[in-house]
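Hi everyone, thanks for coming.

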Amino acid sequence: MHVRIEHTITLCYQQAGTLNLRELSKQLKLSQTTVSRALNGYPEVNEATRKRVTEAAEKYQYRPNVRAQTLATGKSKSVGHVIPLSKQSELVNMVFSDFMAGAGLVYAEHGYTMTLSIVRDDDELDAYSAFAERGAVDGVIVQGPTCDDPRIARLLRLNIPFVVHGRASGIETPYAWLDVNNHRAIKAATQSLIDLGHRRIGLINGREQMDFALRRRAGYEAALADAGIPADPALTRSGDMSEPNGYTAACEVLAYQNPPTAFVASSIVIALGVKRAIEEHGLTIGKDVSVICFDDDISYLPNAGRTPQFTAMRSSVHAAGARCATLLLERIKTPGAPPSSELWEAEFVQGASTGPGPHA
């Protein structure tokens with residue numbers, strides 16, 4: 001079974017009439033080659049000419065013929081995303097949607113489309129090889145990296161431009177990536193609870209074969225160690241980044257004879273489940289039990305207002321999607337350039353879900 005889904009983002013130049021490249025060139029009194037190169041970002045076109053051409057293209061609502069461009073340049077003008085079936089719960093969710101929305105805006109601005117391929121786990125590496133062999137995409141964004149992620153080695157061998165959203169511990173070969181500092185974010189979150197007087201602090205994490213989740217656990221444990229608090233494995237859970245998982249995990253931990261007085265949740269979605277469990281136990285969030293979470297600043301689930309619902313470490317996944325797309329298009333344009341890497345820091349947001357602990 002191999003299911004392939006194609007999602008096409010509209011090009012930035014919309015064609016309302018019948019103006020073609022030849023007619024646009026005639027309007028500008030430039031050769032068709034110069035106009036085409038200006039629209040496609042070739043470096044040999046000077047900036048004044050490029051600006052004049054793009055302004056005219058917008059004025060006349062010109063849209064380039066993508067099929068003709070593909071034949072002429074050997075470029076597909078498409079970016080690939082491969083999702084294995086077992087990771088759908090981790091990736092194909094509102095966080096993934098927000099990431100893709102950010103990336104899609106950048107693709108559209110540059111006349112690119114997206115090809116999203118959902119495959120069986122055993123077919124995942126072959127899907128990247130198929131992309132390269134068919135010339136189906138000009139580049140790839142890799143999401144949800146694991147430690148020693150085999151996709152990175154495969155893509156390096158295929159010599160296809162790619163950017164990883166996240167990092168893969170254990171891989172020494174340079175590759176392009178963008179990540180948030182998960183270790184520091186969750187360490188700071190845990191430290192904020194310790195500063196409030198909490199000592200029994202639970203962690204509800206994502207699946208820990210994922211690199212980001214391992215870094216978040218390490219940050220949690222580092223904060224406890226710095227405060228001289230022994231880590232209690234009974235207070236930690238890992239699983240899907242979902243509300244039901246947050247609810248079930250928190251219920252289990254709250255049932256202990258000595259339950260936690262605070263939780264660190266690996267996402268705002270998990271935090272909603274933790275909140276439900278706390279309230280079903282007749283407790284008040286922020287008063288009886290504190291919760292701090294990692295917030296991807298999801299458009300469809302805003303943690304906003306004068307006093308946000310959750311105290312959180314915030315980093316926008318929409319912005320990350322846009323930036324990953326920009327980095328990838330730069331690599332497609334200059335494939336021989338050294339791979340770039342960016343590490344973003346999360347922002348602390350004070351909300352209503354945390355309060356003083358018993359050791360305040």
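Let's start with a term: a crossing is left-handed if the near helix is turned anticlockwise from the far one by less than a right angle, and right-handed if clockwise. Before I use that, please note that this is a predicted model, where local features need pLDDT of at least 70 and side-chain atom pairs pLDDT 80 or more, while totals for chains, interfaces and linings use all residues. Residues are numbered from 1 along each chain as its sequence is written, and side-chain values use heavy atoms, leaving out hydrogens and water.

Okay, helices. H9 passes H10 in a right-handed crossing. Helices here are DSSP runs of H or I, at least four residues, and strands are E runs of at least two, numbered from the N terminus. On the H9 side, the contact (heavy atoms within 4.5 Å) includes Ile186 and Ile194; on the H10 side, Phe212 and Leu224 are among the residues taking part.

Now the cores. A nonpolar core is a set of buried Ala, Val, Leu, Ile, Met, Phe, Trp, Tyr and Cys residues joined through side-chain atoms within 4.5 Å, and buried means under 20% relative accessible area, with exposed over 50% and partly exposed in between, using a 1.4 Å probe and protein chains only. The largest one has 28 residues, and Phe263, Val274, Ile278, Val291, Cys293 and Phe310 touch the most other members. Helix H12 gives this core its largest share, 7 residues. Take Val274: its contacts include Tyr247, Phe263 and Val291. There's also a second, separate core of 24 residues, with Val79 and Leu328 among them.

Last, cysteines. Cys293 counts as buried because its relative accessibility is 1%, and Cys324 is buried too, at 0%.

How values were computed
Lists of a residue's contacts leave out its neighbours within four places in sequence.
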